[in-house]
Each structure stands twice: as structure tokens, then as C-alpha cells.
Amino acid sequence: MSGPKRDFKDFPWYGLVAEWGEYDPMMCGSIDGTDEAPHDNGVVRAINARYVPNKGVRGDPDCTLYVSRLDVSTKAEKLISIFKEFGSIQSCRLVRDIVTGLSKGYAFIEFTSRKYASRAFHRAHGIVIDGRKVLVDFEFERRIHGWKPRRLGGGLGGQKESGQLRFGGRDRPFRRPFMLNERLKEKLKRIEHSAHSTHSTHSVHKK
């Protein structure tokens, strides 16, 4: 016998892509995740794109932070000197243009433990480096199923002027919708089922 029918308001709402566990271009193109049709060409491009994470990237993705909105003059050495205050650093990769060699304004910092990465995630977001307020988040490429980078119409964040806003990141989290479509109801049910299964497994292991 099934229980009473649940209203969508009974389900918790998740503001970040990491909490949903997957990257959905259609959802990320919408402020509340409810879009049922692409509203810009970038979303279409992301849906149709095939993307394989860079196999040349080494290190533990759960210990790696993405640091963006850096000034082009900021050096890797400066990032290390700042972020080592949160814990021991394994590596720092400042991404550069392959033609010009100039910084693209973002970097990946790997810590030696998840504890240190989590500490930096919570404390370093929004700090000012070389006059720029930086965004700090976990790496998504190897952690989130279905990830599509910005150059393929995906990614997170962005400015209104770009015409390619993507929601579900720290700077632009999803807003809870007034009404939930069937697609998102199913997603929420999957998250709840997964969380319940994980809790049950942990309970069994504790016995």
C-alpha cells in the first residue's frame, strides 16, 4: 500500500549542481531549473556536445579547487602563498593560453587532503587577490556526471552581457521554483532514493 501523495514542496530543493549530482545543460540554463526548451544556442550546443574529461589531468578531484576571476597578472606562486594558509598544497596549475602564454584567469589548486580543500572552499571564496574578488569552487570536470565546459555552451555562472548565464554554481545558485515539472520531480526522487540508500548502507556497516 502506497503512502500519502507528496507535494513537491515536501522535497528539499538543491541550489547547487554538485548537490544534484549531474550536469544538465537544460536545467543549468534556467534560473530555477524548470526550462523545458533551450533558451539560447549555447544550451543546444551543450546538449549535443560530446565531452570527455582530460585524461592528462592528474590528482584527486575531491581535493582540487577551481579558482577563477583572477587578474591576468596573478602568478601561481602567489596563489600558493595565499592558499597554503588553509592547508598543505599538492599542486597549483594556472591555466594559460597555448598561443600567447597569458593567464586565462583561472587555476586549479590541489590540496593534500579533503579536509584542507573543504577549509579553503569555505574560507577563501570571495577573497581579493591582486584587486580581484575571486570565485572558489570544487572542480567539476571529473566530479560531476555529464559536465560540459563553457566553450561547449555549458559551464556555470557568467555575466548577463555574455548571453550565456548558467545556474547551479556558488555565484548563481538555482532558485526554488513555484511549480515543479515532472522532469525535476523525477530528479528529486532519484536524489532522495540515493540518499536513503547511502544512509541504509552506512547503518548496516555500523551494526
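**Exercise 1. Find what share of the protein's contacts with a separation of 6 or more comes from residues 24 or more positions apart.**

Step 1: a contact means heavy atoms within 4.5 Å.
Step 2: among contacts with a separation of 6 or more, residues 24 or more positions apart account for 66%.

Before you go on, note that this is a predicted model, where local features need pLDDT of at least 70, side-chain atom pairs count only at pLDDT 80 or more, and totals for chains, interfaces and linings use all residues. Residues are numbered from 1 along each chain as its sequence is written, and side-chain values use heavy atoms, leaving out hydrogens and water.

**Exercise 2. Classify the ring pair W13 and W20.**

Step 1: rings of Phe, Tyr and Trp (its six-membered ring) pair if their centres lie within 6.5 Å; planes under 30 degrees apart are stacked, over 60 edge-to-face, and the rest tilted.
Step 2: the whole structure holds nine aromatic pairs. In one of them, the centres of W13 and W20 are 5.1 Å apart with planes at 75 degrees, so this pair is edge-to-face.
Step 3: W13 and W20 are both buried (under 20% relative accessible area; exposed is over 50%, partly exposed in between; 1.4 Å probe, protein chains only).

**Exercise 3. Describe the pair Y66 and F108.**

Step 1: with 5.6 Å centre to centre and 45 degrees between the planes, Y66 and F108 are tilted.
Step 2: Y66 sits in strand β1 (residues 64-68) and F108 in strand β3 (residues 103-111), 42 residues apart; strands are DSSP runs (E, at least two residues), numbered from the N terminus.
Step 3: Y66 is partly exposed at 26%, while F108 is buried at 15%.

How values were computed: Helix = DSSP H or I, 4+ residues; strand = E, 2+ residues; numbered from the N terminus.
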